[in-house]
Amino acid sequence: MSASRVMAKSRLKRPTIGDWVIVVIMILLIAICLLPVMTVVATSFSSAHYLIRREITFWPRGFHIAAYQDVIGDSRFMWSLAWTGILTGIVIVANLIMTILCAYPLTYDSLKGRKILTVLIIFTMYFNAGLVPTFMLFRRLGLLNNPMVLIIPGMISVFNMIIMRNFFFGIPDSLKESAEIDGAGPLTCLVKIYLPLSTPVLATIGLFVAVGRWNGFMDALFFLPGNARFHPIQLLLYNILNNITAVDVQDPGAAQAPGWGETVQAAAIVIAMVPILCVYPWVQKYFVQGATLGAVKG
């Protein structure tokens, strides 16, 4: 037998008990995450008759799409969905710009007080004033019941800034030094060298921000109570699930049927969940690379 075949066989490692244990654990974790989603989807497509009898598990019964028609026909829900998409896009762009502008200068050894600035920035990640002082601050700044309260506080995250800074540290200094020899300034180095190489970490941070903003509702609940027009979709879902807000149904008689409210609630959850699920596959290939490379060096 040739040496190449021996080496090839040595590389083919047979699964061990530990490998099978990991596979079983991963399957269980996938089931724990997936089964509740399947239940909600099945509920949204099922007849209220089967719902009140608690006969729905992971497959719809009495299939229909009336609940989706009612949710899509509700102008408030569709506006909230569109507004949340616009809001998420604005926050992603603003957060990436502010994160880059904060992280990039901290990579320069010539920046005076760099260590002190880094400590002060990281300090804010572990300590904050609390909800009441934040409420008072926003009131003085005129941000209460102002849609900007959903944008300005989320324009930068210390955690994301650290990931971005560490990723920049991983880029060879020789590239920047070569550009500086040719007369490039800091801004040119950022635009022509750092940003083109930072696609993985930009996609990763963008995904973090998108998921956080899309699923966020506490800030709107506390700081935007009197301006329902700019409530994000998650706060509207919160109000629907707590029977604070009702969805306009096309058939008023159906709204009085037992179990119909749960079906409409499930349909609203599914519709609100679909956009963010559609985004993830596009950035998945960058996610692991960006998260790991940005956490190697400190």
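User: Which residues does Tyr194 touch, not counting residues up to four places away in sequence?

Analyst: Contact means heavy atoms within 4.5 Å. By that rule Tyr194 touches Tyr104, Phe168, Ile171, Lys176 and Cys189. This is a predicted model, in which local features need pLDDT of at least 70 and side-chain atom pairs count only at pLDDT 80 or more, while totals for chains, interfaces and linings use all residues. Residues are numbered from 1 along each chain as its sequence is written, and side-chain values use heavy atoms, with hydrogens and water left out.

User: Is Tyr194 buried or exposed?

Analyst: Buried means under 20% relative accessible area and exposed over 50%, with partly exposed in between (1.4 Å probe, protein chains only). Tyr194 has 1% relative accessibility, so Tyr194 counts as buried.

User: In which helix is the place of Tyr194, and which residues of H10 are buried?

Analyst: Helices (H or I, at least four residues) are DSSP runs, numbered from the N terminus. Tyr194 lies in helix H10, whose buried residues are Cys189, Leu190, Ile193 and Tyr194. Seen down the axis of H10, these fall within an arc of 110° (taken from the directions from the helix axis to the C-beta atoms), so they line one face of the helix. They pack against H5, H8 and helix H9 (173–181). The face turned away from the buried side carries exposed Leu187 and Lys192.

User: How many residues has the largest nonpolar core?

Analyst: A nonpolar core is a set of buried Ala, Val, Leu, Ile, Met, Phe, Trp, Tyr and Cys residues joined through side-chain atoms within 4.5 Å. The largest here has 38 residues, and Tyr194 and Phe168 are among those with the most contacts inside it. Elements giving two or more residues to this core include helix H5 (75–103), helix H8 (158–169) and helix H10 (186–194). A second, separate core of 18 residues includes Tyr68, Phe77, Ala210 and Ile240.

User: At what angle do H5 and H13 pack?

Analyst: Axes are lines fitted to C-alpha atoms, for helices over the stretch in contact, and angles run from 0 to 180 degrees between N-to-C directions. H5 and helix H13 (residues 233–241) pack at about 145°, with their axes 8 Å apart. Arg76, Phe77, Ser80, Leu81 and Thr84 in H5 meet Ile233, Leu236, Leu237 and Ile240 in H13.
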